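Visitor: I am new to this structure. Please show me how to read its features, one at a time.

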Amino acid sequence: MNTYSKLAIAVLLTAGTWSCSDDLTEKVYSSVTEQSYNYTTKDFYPIVLSVYPDMRNVCNHFGYFCVQEVSADAIVMPPNASGWDDGGVYRRQHYHTWTSEQAPVNNTWAWIYRGALLANNVIDQIENGVVPAPTPADREQGLAEARAMRAYYYWMVCDNFGDAPLVTTRTSELPAKTPRQEIYNFIVSELIEVIPRLNDEQGGSMYGRMNRWAGKALLANIYLNAEVYTGQARWEECIAQCDDIINSGKCGLSPNYKDPFRATGVESSREVLFTVPFDKNLAGGNTLHVFSWHGELKKKFKLEATPWGSGTAMGTGQFIDTYEEGDSRLEDSWLMGPQLAADGTPLLGTYDQKGEPLVFTKDLPSASFTKETEGYRMNKYEVEPGSTDGSTTDFPIFRYAQVLMMKAECLLRLGRPGAGELVTQVRQRAFKADPSKAAVTDEQLKANSAYKYGYMENYEIVDPGDQSPVQFGRMYDELGWEFAWEMHRRRDAIRFGVFTKKSWLSHKPQGDYRSVFPIPETVITSNPNLVQNPNYASPK
């Protein structure tokens, strides 16, 4: 993370936090209140930047990560001899048996709405002149940035919860639900209006912020999933946004697949369009390594903190088996095989396989319990020596590779040529040892997925479940290989008709209504204007 981002975060950490409470009575702990404080132009950008800190919740294993990845077919978080059951919370996410009291779902709701409501506050302060801008141009650009971030948070609402409250002003009134279509319409109209006013600088002072290309990538994602949200496809509109990014000349693929996931040097990346900056001292929250890795890996990576137990977040063997031979993204994304300390000494198990070589194997017996050495672990994000529970590595939300892949998928769905050429561009850096293997055609992308779906017991598929071909299944596989660990999988699985139809590992389909999550029970009980999403009964 660059010095600018570190200083910005340091300012934001002193700006206070927002929390939700049933008690709407304002408590004043200082003689200086929002009404009495005289803002100056020096406060303008710290206020604008306050819309970003809640983004650091994306890597929370007890929140958004669990909701997006563990509910899908590529990653699972099973208990083991070191623990990791946590009341069955991760297993319920895998089984699709979550309720309105499921903690990761509730935590996801909380951080999304906290971000949206804080953005409302910032927008209100700018529009009403409470916080003066250095120049009219700064005012226009800062307001556009805050509105684009509010649109991002409401995309998260639309994507995860469907019908839900849409609150765009500062208010103490209890909101009712807004139909998903209306939330979608609001997001799209907001972005269309503000994108031209966003800064077009790539990197530099806009690193980790919503610039024009991040705004277009956001709008492209919303169009890509429009058929899920509204019943009406918007493939052409998605392509138009992707083309604007492609034709800008400001963005491009990094030379190496791992480049966007380095701990340092990403600030000038042409591939990273929008990212969440992390810093182990100033901006913690990237804990992917400590909840995936075995504690003994502290000796391999020279960490300051010990990973938690024997770790849990790991790939399902069925997904790992889909990778093509020679695809370097397999080893670039997954930690596998014998594990050695930094000095070359073999690492050993410390729980159910105490004293045995620590060798991560691919296949899992189930999602109910695994040995401490079972399952390939996270290897995608660089973790610097000396790292604590939080890594300094930033987390990319949008990459240029995704822009190319979104356009490719839309071309396929429209029956137009060119998808294979775009996917080939993305694949080329994964097949440097044999460039001929990088090429893929439109027809190949239309083929069924290589994923061997089915319910498993003791390492074997015992119930194949739905075996109907996945339309454009090879394209779905390509997305999985490119974006493993980036929290795209649930959304992709829904769009490709996999999420509520297929069986994998210990998961069987539980109904189409599971494509959205329930509103947290505490929210329902505290707001009489809200009704629960369909088919989710209140716990007795």
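Visitor: What percentage of the residues in the protein are buried?

Guide: First, a caution: this is a predicted model. A residue counts as buried when its relative accessible area is under 20%. Here, buried residues make up 58% of the 540 in the protein.

Visitor: What radius of gyration does the protein have?

Guide: Set the value beside a rule for compact globules. For 540 residues the rule gives a radius near 24 Å. The protein has 23 Å, so the two agree. The C-alpha atoms fill a box of roughly 65 × 50 × 50 Å along the principal axes.

Visitor: How many helices and strands are there?

Guide: The protein has 20 helices and 11 strands.

Visitor: Which strands form the open sheet, and in what order?

Guide: Read a sheet strand by strand. The order is β10-β9-β11, with mixed pairing. β10 (460–463) and β11 (504–505) are the edge strands, each pairing on one side only.

Visitor: In what sense do β9 and β10 pair?

Guide: They pair in the antiparallel sense, over 3 bridges. Strand β9 covers residues 454–457. Look for Tyr455: it stands opposite Asp463 in β10.

Visitor: What share of the contacts with a separation of 6 or more joins residues 24 or more positions apart?

Guide: Such pairs account for 72% of those contacts.

Key:
Residues numbered from 1 in each chain as written. Predicted model: local features only at pLDDT ≥ 70, side-chain atom pairs only at ≥ 80, totals over all residues. Heavy atoms only, no water. Helix = DSSP H or I, 4+ residues; strand = E, 2+ residues; numbered from the N terminus. Rg over C-alpha atoms; globule rule 2.2 N^0.38 Å. Buried < 20%, exposed > 50% of the residue type's maximum accessible area, 1.4 Å probe, protein only. Contact = heavy atoms within 4.5 Å. Pairing = 2+ DSSP bridges.
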